[in-house]
There are 2 protein chains.
Amino acid sequence: MKKYLAVLCSWALPLVASAQHNDSLTIKKIADEVLTHSTAYENLRVLTKQIGGRLAGSPQMVKAEQWGVAALKAAGADTVYLQECMVPHWVRGEREEARIISKRRDFIPPLNILALGNSVGTGADGVTAPVIEVASFDDLEAKKDQIKGKIVFYNYHFNPTFVKTFHAYGDAVKYRGQGASRAAKYGAVAVIVRSMSHGQNNFPHTGSLHYDSALPQIPAVAIGLEDADMLSQRLKDDATANIFLKTNCQMLQDTIGHNVVAELRGSDRANEFITVGGHLDSWDICEGAQDDGAGCVQSIEVLRAYKAVGIKPSRTIRIVLFANEENGARGGSKYAELAKERNEKHIMALESDAGGYTPRGIASTMDADKRAKILTWRSLLEPYGIYDLTEDGGGTDVGPIHRALGVPMAELIPDSQRYFDVHHAANDVFEGVNKRELELGAVGMAGFIYLVDKYF
Amino acid sequence: MKKYLAVLCSWALPLVASAQHNDSLTIKKIADEVLTHSTAYENLRVLTKQIGGRLAGSPQMVKAEQWGVAALKAAGADTVYLQECMVPHWVRGEREEARIISKRRDFIPPLNILALGNSVGTGADGVTAPVIEVASFDDLEAKKDQIKGKIVFYNYHFNPTFVKTFHAYGDAVKYRGQGASRAAKYGAVAVIVRSMSHGQNNFPHTGSLHYDSALPQIPAVAIGLEDADMLSQRLKDDATANIFLKTNCQMLQDTIGHNVVAELRGSDRANEFITVGGHLDSWDICEGAQDDGAGCVQSIEVLRAYKAVGIKPSRTIRIVLFANEENGARGGSKYAELAKERNEKHIMALESDAGGYTPRGIASTMDADKRAKILTWRSLLEPYGIYDLTEDGGGTDVGPIHRALGVPMAELIPDSQRYFDVHHAANDVFEGVNKRELELGAVGMAGFIYLVDKYF
């Protein structure tokens, strides 16, 4: 057996080496094209500066869809079309306010807050109530008898010791997602949540919450880190301080949005699909440059680069700009639903939704044989910064098709150190994106998909 | 032999695994300390915002040395002292000017230029001359008969296809370093050099030149990328355009500067030294935050973290803030000279001088046995972003001791995508440095040096 293997190897190795060499040359061609002629950065400039924040249901959503169609056509797609899907329609309304009201009557600047997405508003009169700070859900439970009639202030700190900052996010985001309902259970009238960030500034970071349908819906806001620290100190010094909170947000009836889909038709297996995408929506209060304008323009760039370099994939490559990730995940769900309905054969779904920073890896979820294959590509992708192919991962938009049809899913993993400085905050702007970092992410995606098409 | 090895391995493996486990715990302790309590970012704020640009010989150099002594004492050094060394004293002088002079008399905005470090000035009347653009030294040679009396414009483009941007720098920097003398050889009266950058802006990037002592010294300036493109276009449309250039820089007599040196005394081999450093000087026209304030504060942080965590190295750790890297490399030379004179035993010299960006690797130069040892540390450093230990490298400040005494040398390799956007330009400011990226670099350095001390 060993001898047989040795013979096999001595025969097969030069072939493997030569295939790797050819793949390496092709990926280098893609990289040179992207690093020299990419339109990703200019596309991002238009999306962020001319359209800006584009929450589902907003006029900017419609503009962004039009932009997506035009950008995909310009990139050379064989066909571009829209997939209609119902999306939530949450609106922030006018000016939001939060002030500490103290018997001391000293001057206190207003608090920098943002209503959480999907939150109810306070009504025109606002809410005025005493504040109780809790460090965690355990702390909330310990203080459950003191919650009634109060505003609960979740002051859970983003943990700086997670090197991969998404782990800190996973650790802290439950206070944003569940904090309102868990406080409402004990009679709270509103919640203020410390922002999920270790930024060095006072931007509040919004993001969606989920109400437990069995409990009253109470208003919820995020607060900037400096104000969170100030408020915490104030409550120590001045236990009778109240907060006046006013938000004007509301959830309207669902409305119509669209996934924007483009295809580069496969040369010989056109009825098999490989999906590459990002999400087109963003929070209303920022340009959504890293989240997720970057993922959209990188996905478009994959198509443009293939056309420019003359790569003719065997399968049909579908670029999808998903309709609604931030406060509903309806885009990814609709895409999966239609794929199932039409009995489509999908080979892989890859998304980029962790920022346009310099890439480090591609995380994935699939069976062990396929994963083992991916691991052999490391030397091909490492020259472009992608050295880690071992992590498990997927994402909000490719998750539904993975769950519905068992499609292997993957996500680009960029360096995460800067991401939560700007995530869901007003400072997520075009200027924070570096042109070459953005492009290298697109190179990694294009190289990976080239290998998937060839070897899966 | 094989059997013997197998026996050895089965006995030794658990020990190796357990040592790796302990090392992993120690490095995690260092990382938690740095990511939670680092003073690197605040130190950098003071150095860049309160002192600013600090070229050798400037008043800011003296302030920076005082800052270094205080910061190293605050970090807990056993001893801090200065090593005197002579440094070049080049001064830029007042307002620099460059204008296109055209017979067309249309309005042309002034060109954004900066004299190159060590350049002579134009004199009070400036230089007015026709311009000849060359694409490369080959092109200069081809046009050598047309050079006399002209200003040579080196318009060599920074190559975007090098993923590691230092390779693009290595490719292009000869036009800055040698361009003046090579043009002077054919009678040029001044040179304008396209900046070594793929930034999306018009900042000129300075840096030092070297005059060939056999040739006349002519003035040399860097020009911003947008103005370089504009000038190139102008010369195509309007071949008779002249340029008026005025710079007021001059090289004065050498003056006195200092390496700032701190020691954390070794527990049992105190007479053996491990050096960790960055350079304290920077160009005059920027804050020198990435180049190389970052390397200085990271080096200081290594010492602070060891003290905080209670690591007592066997060897003496020397933190060195080198006096003069930008336009003379005298600090590193003096350090090597003194080490040789005193017959010191040095184990390793590590520098950080490629920016405070998120780390990717440590490059090194040493004999094969030692390099092989370093390669076994990959799994210990990869959790902090350092996955590449295979590259050859060193640096301007550790190079002299490597050459003089054969000391193994190494350098931190941060992600390089953003570095040449700001390198030697006015936009190299504190705001461009990300706190966590800076800290992760310090973690990588501290972890690496911990392993060097233990296993070298």
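1. Two strands are taken to pair if DSSP finds at least two bridges between them. In this predicted model, strand S2 (residues 97-101) and strand S8 (residues 242-246) of chain A are joined by five bridges and run antiparallel. Within this pairing, A:Ile100 stands opposite A:Ile243 of S8(A).

2. Strand S8(A) also pairs with strand S4 (residues 127-134) of chain A, again in the antiparallel sense, and here over four bridges. In this case A:Pro130 is the residue that stands opposite A:Asn242 in S8(A).

3. What is the order of its seven strands? The sheet is open and mixed in its pairing, and the order reads S1-S9-S11-S10-S12-S14-S13. Strand S1 (79-91) and strand S13 (359-365) of chain A each have a single partner strand; they therefore stand at the edges, and one side of each is left without a neighbour in the sheet. From one strand to the next, the twist averages 20°.

4. Helix H3 (residues 59-74) of chain A packs on this sheet and touches S1, strand S9 (250-264) and strand S11 (315-322) of chain A. The direction of the helix makes about 0° with that of S9(A).

5. One parallel pairing in the sheet of point 3 may be examined residue by residue. Strand S12 (residues 345-351) of chain A runs parallel to strand S14 (residues 409-414) of chain A, and three bridges join them. A:Leu350 has A:Ala410, in S14(A), as its bridge partner.

6. Chain B contains an open sheet of seven strands with mixed pairing, in the order S2-S8-S4-S5-S6-S7-S3. Its edge strands, each pairing on one side only, are strand S2 (97-101) and strand S3 (113-115) of chain B. For this sheet the twist averages 30° from one strand to the next. Strand S6 (residues 190-194) and strand S7 (residues 220-223) of chain B pair in the parallel sense, with four bridges. The bridge partner of B:Val191 is B:Ala220 in S7(B).

7. The contact between the chains is the next topic. How much area do chain A and chain B bury between them? The value is about 2,700 Å², with 45% of it on carbon and sulfur atoms. On the chain A side, A:Val163, A:Arg418 and A:Arg436 lose the most area to chain B, and together they account for 25% of what that side buries. Chain A contributes 32 residues to the contact, and chain B contributes 32 residues.

8. Between chain A and chain B, 21 residue pairs are in polar contact, counting pairs with both residues at pLDDT 80 or more. Helix H1 (2-37), S13 and helix H14 (435-455) of chain A are the elements that give two or more residues to the side of chain A that touches chain B. By class, that side of chain A comprises 11 nonpolar, 10 polar and 11 charged residues.

9. Side chains of opposite charge can pair when their charged atoms come close. Across the interface of chain A and chain B, two salt bridges are found by the rule applied. B:Arg418 forms a salt bridge with A:Glu437, in which the closest N and O atoms are 2.9 Å apart.

10. Over all chains, the count by this rule comes to 67 salt bridges. Within chain A, A:Asp32 forms a salt bridge with A:Lys28, and their closest N and O atoms are 2.8 Å apart. A:Asp32 and A:Lys28 are separated by about one helical turn because they lie four residues apart in helix H1 of chain A.

11. Which peptide bond of chain A is cis, with omega near 0°? The bond in question runs from A:Asp291 to A:Asp292, and A:Asp292 lies in helix H8 (residues 289-309) of chain A. In chain B, a cis peptide bond joins B:Asp291 and B:Asp292, with omega about 5°. B:Asp292 lies in helix H8 (residues 289-309) of chain B.

12. A:Asn118 is located in the loop between strand S3 (113-115) and S4 of chain A.

Notes
Residues numbered from 1 in each chain as written. Chains lettered and ligands numbered in written order. Predicted model: local features only at pLDDT ≥ 70, side-chain atom pairs only at ≥ 80, totals over all residues. Heavy atoms only, no water. Axes fitted to C-alpha atoms, helices over the stretch in contact; angles between N-to-C directions. Contact = heavy atoms within 4.5 Å. Buried area = accessible area lost by both parts, 1.4 Å probe. Salt bridge = Lys/Arg side-chain N within 4 Å of Asp/Glu carboxyl O. Polar contact = N/O pair within 3.5 Å; in protein donor to acceptor, adjacent residues only side chain to side chain. Nonpolar A, V, L, I, M, F, W, Y, C, P; charged D, E, K, R; others polar.
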